[in-house]
Amino acid sequence: MDHFPTNWGRPKYDSFDTSATYPLHNRGHNQSIASNGGIQHTQYPIVTGTSVLAIKYKDGIMMAADNLASYGSLARFKGVQRLHPVGDYTIVGASGDMSDFQYLRHILNSLVISEETNTQDGHTLGPAEIHEYLSQVMYGRRSRMDPLWNSLLVGGVKDGKQFLAYVDLLGVTYSASTLATGYGAYIAQPLLRKAVEGRENTLTEPEAREVLENALRVLFYRDARSINQYQIATITANGTDISGALKLETAWGFAEGIRGYGAQTQ
């Protein structure tokens, strides 16, 4: 079981690749045959989404993710929404395998419906409860050696309290004022920390949006599994809102000054 996110989204048979489409080292796989009647578990994700970013700001939580789901190194699906509302107070953002995220969306929707229709006690699930539920689901699947190949960010505001936390396929959880999954945990997280830490109570919504857009722009330049189409979600005391598809403004003029690659060797 390869739980290192940067290795996700590789082709099923990368040991035979005459065109060098996937310049990755060869590693052994647990070979299984579907016709043997045994239990089949996902060994590695195929269609994957990359980074999700989230920060705290003065009025709540803001989360961002691009709309790309990659099939290996192919930018296959360019209109995938990776930010999902859960109830009235919570947004869940996912990187990793998109089919596993579809399953998680299904069980979360079922949970909300069950809570609203069966209990009728006036209590509604908030972000802390959703995060705890997801951490148990992820840890339970991992313990059965059949993990859900996702890294999730859960953000929300309930009763005036901001909540932002992380959970991955191993059931590992933690919280912070800035969080990122995928390649963003390496590239975007330092940018988010520099811009946000110490300013959580003064950062305005336009400033928070600018911070996330700048981080997404850097990821688009540096992460081969990203795209310049994205969505931003805001969670405040007034509820949740997920934007439509937005486009990043990018410029590649700096490439003219780069030397040492391709035909530009001088």
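The largest cavity in this predicted model has a volume of about 90 Å³. A cavity here is a set of points on a 1 Å grid, over the protein atoms alone, where a 1.4 Å probe fits but cannot get out, and its lining residues have an atom within 4 Å of a point. The volume is the space filled by probe spheres set on the points, which are joined across faces, edges and corners. Searching the whole structure turns up 2 cavities of 30 Å³ or more.

Here are the two side by side:

| Cavity | Volume | Lining by class |
|---|---|---|
| Largest | about 90 Å³ | 3 nonpolar, 3 polar, 3 charged |

Around the largest cavity you can find G87, Y89, H123 and L125, among others. The lining of the second largest cavity includes T50, D66, L216, L219 and F220, and α4 gives the most to this lining, with 3 residues.

Now follow α4 to its neighbour. Helix α3 (residues 184-196) packs with helix α4 (residues 205-222) at an angle of about 155°. Helices are DSSP runs (H or I, at least four residues), numbered from the N terminus. The two are therefore roughly antiparallel, a label for angles over 145 degrees. Among the residues that meet are I187 and L191 in α3 and V211 and L219 in α4, where contact means heavy atoms within 4.5 Å. By class, this contact has 11 nonpolar, 1 polar and no charged residues.

A note on reading the model: residues are numbered from 1 along each chain as its sequence is written, and side-chain values use heavy atoms, leaving out hydrogens and water. Local features need pLDDT of at least 70, side-chain atom pairs count only at pLDDT 80 or more, and totals for chains, interfaces and linings use all residues.

Note on methods
Axes fitted to C-alpha atoms, helices over the stretch in contact; angles between N-to-C directions. Parallel < 35°, antiparallel > 145°, perpendicular 65-115°, else oblique. Nonpolar A, V, L, I, M, F, W, Y, C, P; charged D, E, K, R; others polar. 1 Å grid on protein atoms, 1.4 Å probe; cavity = no way out; pocket = protein on both sides within 12 Å on 5 of 7 lines; lining within 4 Å.
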